[in-house]
Amino acid sequence: MQLTDSREIAAAPDIVWAAILDPEVLKRSVPGCQEMTGTPEEGFEATVVQKVGPVKATFKGRVTLSAMNEPESLTLTGEGKGGAAGFAKGGADVRLEPTETGTRLHYEVEAKVGGKLAQLGSRVIDGFAKKMADQFFANFQEAVEGPADPEDAETVETAEGGEKKKGWFKRMVT
Amino acid sequence: MPKDHGIGASSKRREDVRFLTGAGNYTDDINVHGQAYVHFLRSDAAHGTISNLDTSEAARMPGVVRIFTGADFEGVGGLPCGWQVTDRHGEVMKEPAHPVLAQGKVRHVGEIIAAVVADTLEQARDAAEAIVVDIDELPAVVDMKAALEEGATRVHDDLADNLCYDWGFVEENKGAVEEAIANAAHVTTLELVNNRLVANPMEPRVAVGDFERGTGNSTLYTTSQNPHVIRLLMGAFVLGIPEHKLRVVAPDVGGGFGTKIFHYAEEAFCTFAAKALNRAVKWTSTRSEAFMSDAHGRDHVTRIELALDADNNFVAVRTETLANMGAYLSTFAPSVPTWLHGTLMAGNYKTPNIYVNVKAVFTNTVPVDAYRGAGRPEATFQLERVIDKAARELGVDPVELRRQNFITEFPYATPVAVEYDTGDYHATMDKMLELLDRDGFAARRKESEAKGKLRGLGINCFIEACGIAPSNLVGQLGARAGLYESATVRVNATGGLVVMTGSHSHGQGHETSFPQVISEMIGIPEDQVEIVHGDTANTPMGMGTYGSRSLAVGGSAMVRAAEKIINKTKKIAAHLLEAAEADIELKDGTFSVAGTDKSVAWGDVCLAAYVPHNYPLEDIEPGLEETAFYDPSNFTYPAGAYACEVEVDPETGHVSIERFISADDFGNVVNPMIVEGQVHGGIAQGIGQALLENCVYDENGQLVSASYMDYAMPRADDLPHMASYTVDHSCQTPCTHNPLGVKGCGEAGAIGSPPTVINAILDALHSGGHKVDHIDMPATPARVWAAINGQ
């Protein structure tokens, strides 16, 4: 499964770069992520609960960052084991391009599944992977910029108990 | 007036009463006091090295009895292969080790890495989740052509490459075949795929291993078509248990279709673990496990050439096939693409020059072995498809092209090493055409066209070699076992009779048809005869049921044993009647003296054998029990002609089977109703292969069609309505070499029908102006639509 897309983010490349390296941002961005610990140097440990077609499982795995060329490009690779559900592994080549309004984030994602996920979920896996990637980058964008919709912002901000307007990450670093 | 009992009667299947009322005794119904349950942790990688396997946390989980890994099986034998093929260079096939539990490496998705035995199945499953296993993945070998390329990743490091064998048959004929093709007036070439199938018997595999501490005896209850073969293979080659200390029971079995012939790791494990733990261990396969651990079927890629002279006589056939073996050699895997396939390439035709080349290939997939028809459907499909293509290219009638090339004189020695004893291919063709009403086809096509559908008619013939097999012949061909069959006939004191057969019934209806034969021979009611099968403790050594052999070989053994009984009872009757033995006649359960009114009933003679007060003790022993082993002198050769009419929706590519007609020659028929049922089922499976079923691996060796969401089994509405589904077996040329004159009917439908369906679809497409030469199976709507639209 391969997927190539890009997304405009209203923040400078160095802010986007820092966000990618932040385990808390990654935790909020990875759909279904329950836990994310670690550092960009050592890699991150993650626990993700997801349902692929008829298979629901808790995936435990590692995410490592490589080919880091600050603040222009890097590669994320991850592998999660879901016990009886099988495994999922994949990678994303990410490139940041400065634009007038912020940053154009380009990504090329490759994903592979094995075991029961492949046996039962193959029919839905491409759609699932696209949805996961879209959600990840949408969540990431939201974490950096703040929600597009003020009502969503309300909810998010209430939960976080902080001020509005900016994304919580941008707020922290600027 | 049809007979109401004995040979030729459609006696109702007595076993169906228990099957249909939930009173069957399947392996999963067997529970041994105190049994534990095993859950197998299987590889979800297609190929890789196990770099870390830590069971310590899992072993502490509640209810866990013990966790076994490959290390526990280091000193245990591997699963043996029962057939050795010698290739065209005189080399024996490559035969990699086939461990019960993975030894440091996994080679297909589903291979067993660890076995968790716990008090309950749920505990075993939970504990398996806590096992830490890391696999360093290696590139998966999936595509057969890529597997044979220079430098391809090897499935087995200790083998030079992924080629199991390169078989040529008959190698000496190769030059003559090349010459005939070079000089032919016309050569038709076709490349095709025989799609990989999963057998999917309704009952998944189950094994219960038991061990009796007091006697040291092991018992395995298992879903097998051949319990004696399992006892021999597992006892002698895997676990080192002598046969007298090992009992294998295969009780009611819910369908086999070949996939329950083979000796599997799970049953060896349960027997091993029961002894190690001194506690019974049970495994019941889930449907998901069945997809990735039952041996698969077919999976051939073939190129066939048919050469004809200027008068359309077949002058040569040459075929090259790649046959997928999967990651390991299953029990009879090497024989399927060779001796069960190459020997049938003459088909029903007198082609003088034939050469068959088969390269068997290891890949990172589940092992592939015999599935209903085993090799013969692959032979029939390519031959009948290429003949159909030739007829179209030459502009001749496909029926006439076949007829002019039929073998008409018997016995007929083919150029591919077998001798057909008898047959009448024009008769089955005539019968099929009569049932088809070929003249009415044009009108039926018009009706379909009025509805916007394309109607096609496909016809073809088939022949198979059944009743396997003559032991001396298969021994020369590489079989590591004999293929005789056995029966013990035990007559009880009150005249009732038990037949203990080495054949095994898992849907074939032996419990009904075997008594019909005995009833015919002795003249007692069928319900006086009980059939015992499936238990090595109370049946003579037999080779089991596959290859449409039960009646032809097992039934013949029963006839031989019953003949011994009849000879002995005649001696007893002669004594009781004070007459010469030569004058005694047995008819309708009564012995009489020819030309007199003196008689004695069957039951009185039997009683005399067990209460020998007035008995010729100086000449014969008391009791009435006889055993016979029967080894056939040749295969049997059932043959037939099939027709299918399809409607194709050109808008969607959907194919519907409108009519299906089979005219088979099975020789003599014991129970017509059972024969018709067997053919119906075989055709349903053949239609399944032609239109629906496909086992698919992705490029990483992941099995992506491993549930009924993605593996399409035929359903009632995929098959023709009963009224349009005619099976006929009235053409009967009795087999010349077995005492019943029977040939076997179990596989015919699955062998004959796939090319019929594809031929019909192509005929439909051509009628709509779509010049399509071939569509690979399964002919799904997407494939048919793509063919119509030139994609």
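Me: Which way does α9(B) pass α10(B), left-handed or right-handed?
Reply: The crossing is right-handed. A crossing is left-handed if the near helix is turned anticlockwise from the far one by less than a right angle, and right-handed if clockwise. Helices here are DSSP runs (H or I, at least four residues) and strands are E runs of at least two, numbered from the N terminus.

Me: Before I go on, what kind of model is it, and how are things numbered?
Reply: This is a predicted model: local features need pLDDT of at least 70, side-chain atom pairs count only at pLDDT 80 or more, and totals for chains, interfaces and linings use all residues. Residues are numbered from 1 along each chain as its sequence is written, while chains are lettered from A and ligands numbered from 1 in the order in which they are written.

Me: Back to α9(B) and α10(B). At what angle do they pack?
Reply: About 115 degrees, with the axes 9 Å apart. Helix α9 of chain B covers residues 376-394, and helix α10 of chain B covers residues 398-405. Axes are lines fitted to C-alpha atoms, for helices over the stretch in contact, and angles run from 0 to 180 degrees between N-to-C directions.

Me: Which residues meet there?
Reply: From α9(B) come Ile387(B), Asp388(B), Ala390(B) and Ala391(B). They meet Pro398(B), Leu401(B) and Arg402(B) of α10(B). Contact means that C-beta atoms, placed from the backbone, lie within 7 Å.

Me: And by class, what is in that contact?
Reply: Five nonpolar, no polar and two charged residues. Ala, Val, Leu, Ile, Met, Phe, Trp, Tyr, Cys and Pro count as nonpolar, Asp, Glu, Lys and Arg as charged, and the others, Gly among them, as polar.

Me: How do α6(B) and α7(B) cross?
Reply: At roughly 65 degrees, with axes that come within 11 Å. The two helices are therefore roughly perpendicular. That label covers 65 to 115 degrees; under 35 is roughly parallel, over 145 roughly antiparallel, and the rest oblique. α6(B) also passes α7(B) in a right-handed crossing.

Me: What makes that contact?
Reply: Ile230(B), Met234(B), Val238(B) and Leu239(B) sit on the α6(B) side. Glu267(B), Ala268(B), Thr271(B) and Phe272(B) are on the α7(B) side. By class, that is six nonpolar, one polar and one charged.

Me: New topic: sheets. What is the order of the one with β23 in chain B?
Reply: β22-β23-β24, an open sheet with antiparallel pairing. β22 (584-587) and β24 (599-601) of chain B are at the edges, each with a single partner strand, so one side of each has no neighbour in the sheet. The twist averages 20 degrees from one strand to the next.

Me: How many bridges join β22(B) and β23(B)?
Reply: Four, in the antiparallel sense. Strands pair if DSSP finds at least two bridges between them. Ile584(B) has Val593(B) in β23(B) as its bridge partner.

Me: Which strands does helix α15 of chain B lie across?
Reply: β22, β23 and β24 of chain B. Helix α15 (residues 550-577) runs at about 120 degrees to β22(B). Helix α16 (residues 602-610) of chain B lies across β23 and β24, at about 75 degrees to β24(B).

Me: And chain A: what joins β2(A) to β3(A)?
Reply: A hairpin, through three residues. These strands pair in the antiparallel sense over six bridges. Glu35(A) stands opposite Thr47(A) in β3(A).

Me: How many residues does each chain give to the contact between A and B?
Reply: Chain B gives 14 residues and chain A gives 13. The chain B side divides into six nonpolar, four polar and four charged.

Terms used:
Two residues are in contact if their C-beta atoms, placed from the backbone, lie within 7 Å.
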